[in-house]
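Here's a quick tour of how this one is put together, chain first and contact second. Have the viewer open as you read.

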Amino acid sequence: MKTMKISIALAALIASGVAVAGDSPAPTNAYLYIGWPNDGEVIRAESFRVWFGLRKMGVAPAGVEKSMTGHHHLLVDAPLPPMDEEIPASKNYVHFGKGQTETRLSLPPGKHTLQLLMGDYNHVPHNPPVMSRKITITVK
Amino acid sequence: MKRSILVATMLTALIPGLAVAGDTPAPAGAKVYFIWPKDGQTIKGGKFWARFGLREMGVAPAGVEKRFTGHHHLIIDADLPPFDEEIPASKNHVHYGKGYSEARVELPPGKHTLQLLFADHNHIPHNPPVYSEKITVYVPAD
């Protein structure tokens, strides 16, 4: 039992050495969340606003290096990308490098997932990474 | 003709002299507003997260000069300050120079007004100035 605990601790220690996050520090109590829509929301509109909730951390445009800041990335129907690389830019990984704190989104009918991930001035997630819960919405 | 150009030039030179706003442009359609609280809201205990809504512009920390960005200022129980000067820093004019889009606020019991005013890297409102509606909230006595 004790050996198992030690080996788990060791594995965690080794894992932390293996680039699981970028180099820019984030406050450990930073809180990122999707303010709207709510998880499970059913949306009957062609487009809708998504607002980005962020506490204990600030927003800065891409390219601006300021401690404890970053910019929002909205993951649409996509898994989390690697935490030690630049977040890809595609229609599934939307960058808000101008420092936006909300957006308007238009999605085809069906189920969709949304998740927020902060990236630093270089678009690389922080250490520890700051991400929201992944929510599911339905567009009718 | 030459004279009218001269007059026009003089006028444009004079108008900024009237100083109704800062020098940093804001895009048409820019808007700041309260996501929460709402106008007329009663807030038990007086401690809450104020959530700042912003459209058609971005947030940047104070001191960072980037087109169409700025940082939030929360005006508590006060009127809008002059638009051509640095927003004062006081308990009635709270700066969020770290680029925050929400803030913890504590208000004593009573009736309070809240208003958001966006400002540039130098804490001076944009041209045109971007500010929210002034809302009223109530904190009940315990």
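Starting at the N terminus, the elements of chain A go α-β-β-β-β-β-β-β-β-β, which comes to 1 helix and 9 strands. Keep in mind that this is a predicted model. Chain A has 140 residues, and 32% of them count as buried. If you look at its contacts between residues at least 6 apart in sequence, 69% join residues at least 24 apart.

Now for a sheet in chain A. Here 3 strands line up in the order E1-E3-E7 (chain A), making an open sheet with antiparallel pairing. In general, strands of a sheet pair through backbone hydrogen bonds, parallel or antiparallel. Its edges are E1(A) and E7(A), each pairing on one side only. From one strand to the next, the twist averages 25 degrees.

| Edge strand | Residues |
|---|---|
| E1(A) | 31-36 |
| E7(A) | 102-105 |

Zooming in on one pairing, E1(A) and E3(A) (residues 48-55) run antiparallel and are joined by 5 bridges. Within E3(A), Gly53(A) is the residue that stands opposite Tyr33(A).

On to the contact between the chains: how many residues does it take from chain A and from chain B? Chain B puts in 18 residues, and chain A puts in 18 residues. On the chain B side, the elements giving two or more residues are strand E2 (47-55) and strand E3 (58-59) of chain B. E2(B) gives the most, with 4 residues. Sorted by class, that side of chain B has 8 nonpolar, 5 polar and 5 charged residues.

Technical notes: Residues numbered from 1 in each chain as written. Chains lettered and ligands numbered in written order. Predicted model: local features only at pLDDT ≥ 70, side-chain atom pairs only at ≥ 80, totals over all residues. Contact = placed C-beta atoms within 7 Å. Nonpolar A, V, L, I, M, F, W, Y, C, P; charged D, E, K, R; others polar. Buried ≥ 20, exposed ≤ 12 C-beta atoms within 10 Å, placed from the backbone. Pairing = 2+ DSSP bridges. Axes fitted to C-alpha atoms, helices over the stretch in contact; angles between N-to-C directions.
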